[in-house]
There are 2 protein chains.
Amino acid sequence: MFNVKREVSMAFERIKPFVRETMLDYSLPLSNLLGCQAFLKCENLQYTGSFKVRGAFNKLLALTSSERLQEVTTASTGNHGAAVAFGLNKLKIPGLVFVPENASKTKVDNILNYHIPLKHYGNDCMITELYAREYAVKNHMIYISPYNDLEVIGGQGTIAIELMKQLNNIDAIFVPIGGGGLISGIAGYLKETAPHIKIIGCLPENSPVMAESIHAGRILDIETKETLSDATAGGMEPGSITFEICQKYVDDYILVSENEIKQAIIAMIKNQHLLIEGAAGVALAALFKSASQFQNKNVVVILSGANISLENLSSVLDYYENN
Amino acid sequence: MFNVKREVSMAFERIKPFVRETMLDYSLPLSNLLGCQAFLKCENLQYTGSFKVRGAFNKLLALTSSERLQEVTTASTGNHGAAVAFGLNKLKIPGLVFVPENASKTKVDNILNYHIPLKHYGNDCMITELYAREYAVKNHMIYISPYNDLEVIGGQGTIAIELMKQLNNIDAIFVPIGGGGLISGIAGYLKETAPHIKIIGCLPENSPVMAESIHAGRILDIETKETLSDATAGGMEPGSITFEICQKYVDDYILVSENEIKQAIIAMIKNQHLLIEGAAGVALAALFKSASQFQNKNVVVILSGANISLENLSSVLDYYENN
């Protein structure tokens with residue numbers, strides 16, 4: 001089994017100069033509303049607007065000097081791509097980012113800002129990933145997986161070290177799951193450090209790949225539907241190490257509907273004046289759904305990112321006006 | 001003349017344990033777009049979602065022990081009210097907040113969260129202010145002005161001390177103006193410390209009271225129109241000390257239209273994934289309008305607050321979709 005805790009600890013020292021220690025914001029309105037003490041880990045305020053810079057920097061900083069002579073590539077629905085682009089730009093490493101054809105314009109612009117070349121391929125992030133991996137092999141490039149990589153997972157897990165410092169007595173943490181890199185890092189560290197903390201994986205009903213796979217005992221190749229949570233949409237790579245890590249460490253899974261995601265994004269704008277993307281809305285919606293089980297408990301929601309497109313934000317507000 | 005610099009320095013030490021040192025966020029997309037180095041002072045991420053907690057805490061912490069035996073009251077379009085409510089709740093001082101009848105529901109809820117009593121009066125913040133002052137005199141209460149108070153101004157000015165620490169070589173600062181408390185604090189400190197920094201007051205065309213008053217050489221009682229920048233809307237109290245401070249220290253005034261405010265809010269969501277309220281949009285819109293004068297310069301925009309109502313946000317997104 002992979003030593004996630006060790007990797008997270010190493011990552012924490014490595015990436016410290018390059019990432020923000022994001023605030024853990026106590027939400028009085030949400031706490032009043034839900035009957036628990038609700039804390040928001042604001043990775044929506046991280047550089048590039050998502051937690052993904054943590055994993056990207058850890059991977060890039062861990063490259064050996066001979067690896068640094070090769071070019072780097074990756075594939076992403078956007079946040080990981082932007083994070084790698086940000087890292088390549090900061091560390092002056094040459095590279096290339098693949099994105100699916102349907103990646104939102106906001107996220108693509110987010111990558112282009114860092115002056116890193118970008119290529120479109122495929123309509124599902126798994127297809128884009130597989131193609132980018134092949135491309136990397138053919139062209140002798142280093143491929144950085146968005147989640148299926150111990151160093152990427154280690155980087156994402158540094159959130160757990162910050163949380164332990166920011167709040168005593170955490171009872172539960174709500175974490176969005178796509179490929180599972182974020183939750184693998186957080187759970188892999190915390191379950192070896194403070195195993196009483198409940199780690200709850202949060203997924204959109206429209207793309208519940210990890211939850212269904214865990215249920216089945218193997219990685220499933222499921223058709224996924226479109227979701228507001230574009231950062232967690234799509235399949236999981238065959239053989240992904242995140243599957244095994246989630247099997248071992250994650251306590252529970254909660255699925256949420258598209259309307260529940262919208263309600264969570266609205267609640268965040270209304271009560272907390274924060275803009276969050278769909279994936280962060282998934283985690284908050286899962287807390288809303290299960291708050292009765294956490295009365296008077298200290299719960300943390302990982303607001304994984306802020307990169308919602310104006311089109312998606314409009315559709316959320318239309319929903320608000322009509323309901 | 002009032003010693004603003006001295007008051008800001010004292011306020012900084014006083015309020016330090018109670019307010020956030022908000023981040024100064026370098027915006028790569030805005031810098032690329034505008035040709036200057038654009039930095040955002042994120043008071044939208046301050047407690048209660050606006051800079052107003054700085055002034056409120058300074059005032060409350062400066063109360064003498066005999067004053068602390070009286071109740072406290074204030075009047076506000078919302079942000080100052082929420083800030084005072086937050087402060088009263090934290091410091092366990094009894095009090096009461098007046099808001100105009102037309103204050104947005106988001107802002108009213110923001111106050112109610114702190115379990116402080118609230119009263120509605122009048123339809124313009126100046127009318128509400130005058131009434132609350134009278135009420136305070138009649139009932140032997142301490143009245144906290146949203147801007148016409150040296151200690152409130154001193155608190156707001158602590159932003160300047162943070163800026164001096166966060167960035168070398170600031171060339172210009174864009175500050176929204178309503179009653180003028182924020183800009184009086186910032187300009188009053190900086191012009192006595194680093195007088196080469198240009199301080200630019202930013203106002204909505206629909207409520208340009210301070211700019212017009214400065215132009216006229218006296219405080220004018222102007223009819224104001226509705227504006228997205230509700231936090232800077234309305235008149236200025238007769239005799240307000242902010243008038244004299246602005247006369248002495250503010251370099252320039254820029255007025256922006258309602259559509260320019262909308263464009264600024266959209267730019268912030270799209271490029272920076274941050275939610276800002278109209279008043280912060282006014283400051284950003286003023287930079288957009290004058291960027292050609294600041295090529296390659298280090299400019300700071302004070303994002304004064306995040307408390308935009310869902311209704312106003314919807315109207316901004318409708319504008320985006322139709323233009």
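# Briefing on a predicted two-chain model

Strand β10 (residues 298-303) of chain B is mostly covered, with six of its six residues buried. The structure is a predicted model. Chain A can be superposed on chain B by a rotation of 180 degrees with 0.0 Å of shift along the axis, at an RMSD of 0.0 Å.

**Strand β10 of chain B and its partners**

- The side chains of β10(B) point two ways: B:Asn298, B:Val300 and B:Ile302 to one side, B:Val299, B:Val301 and B:Leu303 to the other, and all of them are buried.
- Strand β2 (residues 37-42) of chain B runs parallel to β10(B) and is joined to it by six bridges.
- Within this pairing, B:Leu40 has B:Val301 of β10(B) as its bridge partner.
- Strand β7 (residues 172-176) of chain B also pairs with β10(B) in the parallel sense, over three bridges.
- Here the bridge partner of B:Ala172 is B:Val299 in β10(B).

**Strand β2 of chain A and its partners**

- Strand β2 (residues 37-42) of chain A is largely enclosed by the rest of the structure, because five of its six residues are buried.
- Strand β1 (residues 24-26) of chain A pairs with β2(A) in the antiparallel sense over three bridges.
- In that pairing, A:Asp25 stands opposite A:Leu40 of β2(A).
- Strand β10 (residues 298-303) of chain A runs parallel to β2(A), and six bridges join the two.
- One of the residues paired here is A:Cys42, whose bridge partner in β10(A) is A:Leu303.

**An open sheet of four strands in chain A**

- Four strands of chain A form an open sheet in the order β5-β4-β3-β6, with parallel pairing.
- The edges are held by β5 (118-120) and β6 (142-144) of chain A; each has a single partner strand, so one side of each is left without a neighbour in the sheet.
- Neighbouring strands of this sheet are turned against each other by 25 degrees on average, direction ignored.
- Strand β3 (residues 72-75) and strand β4 (residues 95-99) of chain A pair in the parallel sense over four bridges.
- A:Thr73 has A:Leu96 in β4(A) as its bridge partner.

**Helix α1 of chain B**

- Helix α1 (residues 4-15) of chain B has twelve residues, which at 1.5 Å a residue should span 16 Å; this agrees with the 16 Å between its end C-alpha atoms.
- The buried residues in α1(B) include B:Val4, B:Glu7, B:Val8, B:Ala11, B:Phe12 and B:Ile15.
- Seen down the axis of α1(B), the buried residues fall within an arc of 140 degrees, so they line one face of the helix.
- An α-helix has 3.6 residues a turn, so residues three or four places apart point the same way.
- The face of α1(B) turned away from the buried side carries the exposed residues B:Arg6 and B:Glu13.
- The cover over the buried residues of α1(B) includes α3 (52-62), α7 (150-166), α8 (181-190) and α10 (241-249) of chain B.

**Helix α13 of chain A**

- Eleven of the 13 residues of α13(A) are buried, so the helix is largely enclosed by the rest of the structure.
- Among the buried residues of α13(A) are A:Gly278, A:Val282, A:Leu284, A:Leu287 and A:Ser290.
- Elements covering the buried residues of α13(A) include α2 (28-34), β7 (172-176), β8 (198-204), β9 (252-256), α12 (258-272) and β10 of chain A.

**A loop residue with positive phi**

- Most residues other than glycine have a negative phi.
- A:His115 is not a glycine, yet has a positive phi of about 60 degrees.
- A:His115 is placed in the loop between α5 (105-112) and β5 of chain A, and is exposed, with a relative accessible area of 61%.
- B:His115 likewise has a positive phi, near 60 degrees.
- B:His115 lies in the loop between α5 (105-112) and β5 (118-120) of chain B, and counts as exposed at 60% relative accessibility.

**How the two chains are related**

- The rotation of 180 degrees with 0.0 Å of shift that superposes chain A on chain B is the relation of a two-fold axis.
- Of the residues of chain A, A:Leu275 comes closest to the rotation axis, at 2.9 Å (C-alpha).
- The same surface serves both copies, as 100% of the contact residues of chain A recur in chain B.

Terms used. Residues are numbered from 1 along each chain as its sequence is written. Chains are lettered from A and ligands numbered from 1 in the order in which they are written. This is a predicted model: local features need pLDDT of at least 70, side-chain atom pairs count only at pLDDT 80 or more; totals for chains, interfaces and linings use all residues. Side-chain values use heavy atoms; hydrogens and water are left out. The expected span of a helix is 1.5 Å times one less than its number of residues. Buried means under 20% relative accessible area, exposed over 50%, partly exposed in between (1.4 Å probe, protein chains only). The arc is that of the directions from the helix axis to the C-beta atoms. Contact means heavy atoms within 4.5 Å. Two strands pair if DSSP finds at least two bridges between them. Axes are lines fitted to C-alpha atoms, for helices over the stretch in contact, and angles run from 0 to 180 degrees between N-to-C directions. Copies are superposed by least squares on the C-alpha atoms of residues with pLDDT of at least 70 in both.
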